[in-house]
Amino acid sequence: MIQLNKTHPNSFKPVKKGILLLALAIVLSLLSACGAGNSKSSESPSAQGSSGASGSKTVRIGYQKYASINILKEKGGLEEKLAEAGYKVEWTQFPGGPQLLEAMNVGSIDFGNVGEAPPIFAQAAGAPLVYLGHSPASPKAEAILVPENSPIQTGADLKGKKVALNKGSNVHYLLVKYLEKEGLKYSDIQVVFLPPADARAAFESGNVDAWVIWEPFYSAAQLATKARVLADGEGLVDNYEFYLAERSFAENNKPAVDVLLAALQESDEWAEANLSEVAKILAPALDLDVPSLEQALSHRGFGVEPITDDIIAAQQKIADAFFELQLIPSAIDVKEAVLK
């Protein structure tokens, strides 16, 4: 240790130059060794798969209330299937697709499900997502609701009114297409961006005039408040549910992706044949009543279908419409989010 010179309080005792150089060399050697021991792969956590203590990788799955991944989670069995492929599972619930894909964008999840519009917004924001599959079209699984005694009877009555929706969600496109059909401009209404829970509170309190929402929130609100359906997606939108992954995860973890898609197909086939049982399983997990869930389930399609040129073209049409309305900052090419 260097000590103060007692004779000259403001000076240090002389230290031989060689000792200082030797000490410096030892410090540099230790720092170099620590750097080598803590070096990390240039691959992202998603590319490698998060490794647990047992050496297995972890698939981080994002899901929303009610949809196919949620059904698979509550039914059970995925953990065992992935374990056989050397993977563990972490589940994270999200209130909507935009929030789920934001988590994917920052590297918090590897795989998830959303509607048609969220991937458009996410791709425009630079998220490294890829499409892996989709559900059959479910146009009746989203709707524009108005209060039971609302004077709003037609699309024309929405002019100047406040309409709530979750920004960037699949229902965003439903609203766009409905206004187009009714001869209204997007700017003719006041769009209020709220997540489902806040939107329902605003809807019931009269702070908004209409609410564009998807299942099961749609059926739960309609049955509880006797809200009227101004329009659903029939004849307006396809309303696909997409399965997506972070690009590097999909490219480097094909065994896990194959297991996930196969398990979803198997679970959906069971669900389609057992709607009442599915409603009973989901009710406590979602804190929703069985009748609401039974109605919601009757509005959707089941199964996992491949991404085709027609599906890409349909997504591109949505992307182009959003760009024209300046809802996304730049034009995108949906094909760039499909694995080669």
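In which segment does leucine 339 lie? Leucine 339 lies in the segment after α14. Helices (H or I, at least four residues) and strands (E, at least two) are DSSP runs, numbered from the N terminus.

This is a predicted model, in which local features need pLDDT of at least 70 and side-chain atom pairs count only at pLDDT 80 or more, while totals for chains, interfaces and linings use all residues. Residues are numbered from 1 along each chain as its sequence is written, and side-chain values use heavy atoms, with hydrogens and water left out.

**Leucine 339**

The relative accessible area of leucine 339 is 31%, so this residue is partly exposed. Here buried means under 20% relative accessible area, exposed means over 50%, and partly exposed lies in between (1.4 Å probe, protein chains only). Leaving aside neighbours within four places in sequence, leucine 339 is in contact (heavy atoms within 4.5 Å) with Val130, Leu132, Arg247, Ala250 and Glu251. For one of these residues, valine 130, the C-alpha to C-alpha distance from leucine 339 is 6.4 Å, and the two are 209 residues apart in sequence.

**The sheet**

Five strands form an open sheet with mixed pairing, in the order β8-β7-β9-β6-β10. Two strands pair if DSSP finds at least two bridges between them. Strands β8 (190-193) and β10 (228-232) stand at the edges with a single partner strand each, so one side of each has no neighbour in the sheet. From one strand to the next, the twist averages 30°. Angles run from 0 to 180 degrees between N-to-C directions, and axes are lines fitted to C-alpha atoms, for helices over the stretch in contact.

Strand β6 (residues 142-146) pairs with β9 (residues 210-214) in the antiparallel sense over 4 bridges. Within this pairing, tryptophan 214 in β9 is the bridge partner of glutamate 142. Helix α9 (residues 217-225) packs on the sheet and touches β6, β9 and β10; the direction of α9 makes about 135° with that of β9.

Strand β6 also pairs with β10, in the antiparallel sense and over 4 bridges. There, valine 146 stands opposite arginine 228 in β10.

In a regular strand, side chains alternate between the two faces of the sheet. In β6, Glu142, Ile144 and Val146 point one way, and Ala143 and Leu145 point the other way. Strand β6 is largely enclosed by the rest of the structure, because 5 of its 5 residues are buried.

**Helix packing**

Two packed helices are described by the angle between their axes and the distance between the axes. Helix α6 (residues 117-124) takes part in both pairs below.

| Pair | Angle | Distance between axes |
|---|---|---|
| α6 and α14 | about 60° | 10 Å |
| α5 and α6 | about 35° | 9 Å |

Helix α6 passes α14 (residues 309-324) in a right-handed crossing. A crossing is right-handed if the near helix is turned clockwise from the far one by less than a right angle, and left-handed if anticlockwise. Ala117, Pro119, Ile120 and Phe121 in α6 meet Gln315, Ile318, Ala319 and Phe322 in α14. By class, this contact has 7 nonpolar, 1 polar and no charged residues. Ala, Val, Leu, Ile, Met, Phe, Trp, Tyr, Cys and Pro count as nonpolar, Asp, Glu, Lys and Arg as charged, and the others, Gly among them, as polar.

Helix α5 (residues 97-105) passes α6 in a right-handed crossing. Gly97, Pro98 and Leu101 of α5 make the contact with Pro118, Pro119 and Ala122 of α6.
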